[in-house]
Amino acid sequence: MQNGQSTKAVAEYRKAVEYYKTDPEYTPFYNAVVRENSINAIGYTLLQSKHYPEAIQVFELATETYPNSANGWESLSEAYETARVMDKAKTAAQKALEVIGKDDTMNADFKARVRQGAEERLKRL
């Protein structure tokens, strides 16, 4: 998803979600189709390849799709920090800490690592 393809893919995904929301029998199927860990893995692949704007787009998509995911917000915070967008990095880290108590998708150890990452990032910022 490089060379502008991530932008197109994210736009098409958002368009599909909006289309399905117009259906009176709409149920949010996309959470079952596009897994959070898959979105996150794509985001980190882009981040490690120094495709920062694309990585941010993918992590933003993750937080839109899974708004109660502390890991999604923490990953977005990391991407913003790496891209030197510090105000948004701080906001995303704060959001990670805000939703972590409601996030029932992580075990205690993973939750502790996400919390630690967000807290340490806030100290740096």
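Buried means under 20% relative accessible area, exposed means over 50%, and partly exposed lies in between (1.4 Å probe, protein chains only). Keep that definition for the last stop of this tour.

The model is predicted: local features need pLDDT of at least 70, side-chain atom pairs count only at pLDDT 80 or more, and totals for chains, interfaces and linings use all residues. Residues are numbered from 1 along each chain as its sequence is written, and side-chain values use heavy atoms, with hydrogens and water left out.

**Stop 1: the salt bridges**

Side chains of opposite charge can pair when their charged atoms come close. A salt bridge here is a side-chain nitrogen of Lys or Arg within 4 Å of a carboxyl oxygen of Asp or Glu. How many salt bridges does the structure hold? There are four.

Select Glu74 and Arg121, whose side chains form a salt bridge with N to O at 2.2 Å. Glu74 is in helix H5 (residues 70–82) and Arg121 is in helix H7 (residues 108–124), so this pair ties together parts 47 residues apart in sequence. Helices (H or I, at least four residues) and strands (E, at least two) are DSSP runs, numbered from the N terminus. Glu74 and Arg121 are both buried.

Glu81 lies in helix H5 and Arg121 in helix H7, so the pair ties together parts 40 residues apart in sequence. The relative accessible area is 15% for Glu81 and 6% for Arg121.

Arg124 in helix H7 and Glu81 in helix H5 are 43 residues apart. Glu74, Glu81, Arg121 and Arg124 are linked in a network of salt bridges.

**Stop 2: the nonpolar core**

A nonpolar core is a set of buried Ala, Val, Leu, Ile, Met, Phe, Trp, Tyr and Cys residues joined through side-chain atoms within 4.5 Å. Select Phe59, Ala70, Trp73, Leu76 and Tyr80, which have the most contacts inside the largest such core, a set of 23 residues. Helix H3 (36–48), helix H4 (52–65), H5, helix H6 (86–99) and H7 each supply at least two residues of this core.

**Stop 3: Asp103**

Select Asp103, in the loop between H6 and H7. Asp103 is buried yet has no salt bridge, and the nearest side chain of opposite charge, Lys111, is 6.0 Å away. Lys and Arg count as positive and Asp and Glu as negative, while His and the chain ends are not counted.
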